[in-house]
Each structure stands twice: as structure tokens, then as C-alpha cells.
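Have the structure open as you read.

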Amino acid sequence: MHILANKNLANKHILLGVTGSIAAYKAAELVRRLREGGAEVRVVLSAGGTEFVTPLTFQALSGNPVHSELLDTEAEAAMGHIALARWADAVVIAPASANVIARLAQGRADDLLAAVCLATEVPVAVAPAMNQQMWANAATQDNLQRLRARRIHQFGPAEGGQACGETGLGRMLEADDIARHTAGLFDTGALAGLQVLLTAGPTQEAIDPVRYLSNRSSGRMGYAVAQAAAEAGARVTLVSGPTALATPPRVERIDVRSAEEMHTAVLARATDADIFIATAAVADYRPVAPVQQKIKKTADNLSLELVRNPDILADVAALTDGPLTVGFAAETENLLEYARDKLARKGLDMIAANRVGNGLGFEAEENALSVIDAEGVTELAQAPKTQLARRLIARIAEYFKRRLG
Ligand code: PMT
């Protein structure tokens, strides 16, 4: 049952900070719960945490090496605090001792966990665990107030019997509850009640029964945007060209092959959508007439006659009472100039321009976007596509509400 409730954890990178508290043993169970929900987990174990549970326990349960040292030359080369901060989709500290809460409130960077928390842009949550007097102390409460003001989430604590024999507030929540709250970190509700239609991946244009024209789009960017839209509460339909990716949770997927099939599938649904996001790399041309039998290699030269494909995005943008339209532009040069031209020529509301090449754009794990609309240019700095997609969805939601909401 908890697996269903935690669907949002699928494919998420959760960095679990474990600090010095008797509740550290419950963090072992938490690693299992997070992984059952589909998350990948890396554990940062503080010096205090190692007094209660060994790194080996977390290594075995997470399937990843455990991180402890801030200034460890080997670890820094492999995955130091900046790399860990960039890797994570969320940082959850469970148990969070009174000490780590105080240190986060001060913004310290003198151990690995504190440094990661300073270096990350993703949601950070603490699950406090401490003696009830320490919890009630004004210093702890002041520190927590400072964390809340910085939008650090707080899971718990619960009330009940404590390891020290006292009873009161300060018990860490159970692993199931923390996993459920962690999944909830990704539910922004920014697009609640809206219908989002997307295209993703490449299209394949048949030459003969075994050959086609296509491009290098993996579908990663589009699938990440679909997932982020679903997390934001939208009903999401993803019209996808051929990819090797799994459908994100709570996303309806319609598989197509060619640009013409994608055009038909999108236009049939576009008037029901509030927002249309075109991330697909649609082939601009297709062979005039695919050959019915496999072409034999008898001739020295072969010419393919191509014809222009319909422009899906421009056709959606031209609909009266159509959705808000968001295009993508992949460019190798003159990024903003070419993207602005597409925005105007296709009559779009917004365009997300990405520079392709040098490890970004097509096929890559990471991307960076310049989002252009009537309000100006919003730069979304280089990040894994899943994180970037969440920022893009936040920007689209903000724009939608201001313009049409
Ligand atoms: O899939 P990945 O490997 O993760 O790579 C992501 C990506 C680089 C493919 C993606 O981020 C991206 O930039 N997609 C748009 C690619 C592009 O250059 O499109 P375009 O310039 O050909 O078209 C501009 C816009 O019109 C796009 O939104 C496109 O989806 C749309 N279009 C184009 C042609 C056409 N016939 N129909 C369309 O809808």
C-alpha cells in the first residue's frame, strides 16, 4: 500500500543524511522504503551517525557507497559535496539531531552533510529526533523557525515514549511516514486541475519497411517535463515518438512513429488541453512515398525525394481557443535570436531554447534552458533534465496563472 502512495519517488535521487541519534536504526528501514518506491538512495553519514549505525549497513541497503568525509581527496574526485548536491532531487535528514538542526540554522559548511545542504537548490527536509526537553528548548525551536523561513521542510516529530525513558514530543516519525512525506515533496500542485499535452522524442520517417530517417532525441527532456507536470498536479497526456524510456507515473502515453501520426494524435487532443508543450524533435521532412519492399543495393547512387512534414506546434498555436503553447528550440548557434524567431513565426506563448552539443541537449543527461516569453528571458542553469523540467514547469505555471488563470 505504501508503494502506491509513494509513486512520486519513481526515478528520484534521494540523498539521505543520517546524524547522531538512537533513531538512526530507523533510517535503515527508510532506505528500504524509499527504494521500494523506485528511488535511488545515497546516504551521507555524519560523524555522530556512525556511532549508532555502521556505513556497511547503509551501503548494503542503498546499493551505493556511503559518503562521510568533506575533505577526502578520493571521495571528492569521485563524488564530492557539489556533485552530491547536484545529483540529488531531494535531501532528507533522518534522524536530524538537535545539533544538525542548529548547524543548518547557522549555515555551516564544516562537514559533508552541512556543505551539501548549502550547495543544493533542491528541497531539503529534516525529520527531528531528540529528547523531549531538547526539543522543547527555545534554542531548538528558534533554529527550526529559521529553517522553516528558508523553506526547509520539517517531518514530525511524533509524541510518545523515548529511548531515554521520558515521554513527549521528539520521537522520529516512522520510516513509512517519512517516505510518504518525501514523495510529497515533489507534489507542488502548481498545475492542479489543468490538462497538459506534450510531445517528446524523435519521429521516424519510413524510407522502406526496414529503414527510416530520424534524429538523436532520446525523449529524456520531454519525459522529464511530463513527469514534472504530473507532479505539479496536472492531467498529462504524452504523445511520444519511439524511445527506450518508461512512462512516468500518472502520465497517459500515446505512442506514435512518424510526424504525421504525431500531428494527428496531438490535433485530436489539443482543444481539450490547457497547455501544450512541444519537446519532440520532429523530422522536418519525410520521404515522399515510402517504398513498399526493401530497397536493394543495386544502384551506385540513390536519391530520396523529401516532402515537408506538417508543423504540429504551429498548427496548435493557430487554433482559436487553443492551449497555451510552449515550444522548444535546439540550436547550435545564435540561440536567443533563432529561438525568438521561432516564437514569433509559430505564434507561440513561450519557447525554451537549449544549446545543443558539448554534452547538452540531445541524448544528454543534463541540459540548460533560456525560457523566452512576453515577460522576458528566464535563465534555467545547467542541471539534470529532471530538475530542469521542474523549474520549467514552475515557470510555465507562473506564466499561465498570470496570463490566463
Ligand atoms: O530528447 P532528448 O535527447 O532529451 O533531447 C531533448 C531535445 C534537445 C530534443 C529538446 O530539448 C528540444 O530542444 N526539442 C526541440 C528540438 C528542435 O529543434 O525543434 P525544432 O527547432 O525543429 O522545432 C521547434 C519547435 O517546433 C519544437 O518545439 C518542435 O517540437 C516543434 N515542431 C517542429 C517541427 C514540426 N514539424 N512540428 C513541431 O511541432
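## Where the domains meet

Across the interface of domain 1 and domain 2, five residue pairs are in polar contact, both partners at pLDDT 80 or more (N or O atoms within 3.5 Å; within protein, one must be able to donate a hydrogen and the other to accept it, and residues adjacent in sequence count only if both atoms are side-chain atoms). On the side of domain 1 that touches domain 2, the residues split into four nonpolar, two polar and five charged, with Gly counted among the polar ones and Tyr, Cys and Pro among the nonpolar.

There are also four salt bridges between domain 1 and domain 2 (a side-chain nitrogen of Lys or Arg within 4 Å of a carboxyl oxygen of Asp or Glu). Glu231 pairs this way with Lys12, their closest N and O atoms being 2.4 Å apart.

## The model and its domains

This is a predicted model: local features need pLDDT of at least 70, side-chain atom pairs count only at pLDDT 80 or more, and totals for chains, interfaces and linings use all residues. Residues are numbered from 1 along each chain as its sequence is written, and side-chain values use heavy atoms, with hydrogens and water left out.

The domain assignment, automatic or from a database, gives domain 1 (7-184) and domain 2 (195-404). Their C-alpha centres lie 38 Å apart.

## Helix α7

In helix α7 (residues 98-106), a DSSP run of H or I with at least four residues, the buried residues include Val100, Ile101 and Leu104 (buried is under 20% relative accessible area, 1.4 Å probe, protein chains only). Just after α7, Gly107 has a positive phi of about 70°.

Definitions and conventions:
Buried means under 20% relative accessible area, exposed over 50%, partly exposed in between (1.4 Å probe, protein chains only). Helices (H or I, at least four residues) and strands (E, at least two) are DSSP runs, numbered from the N terminus.
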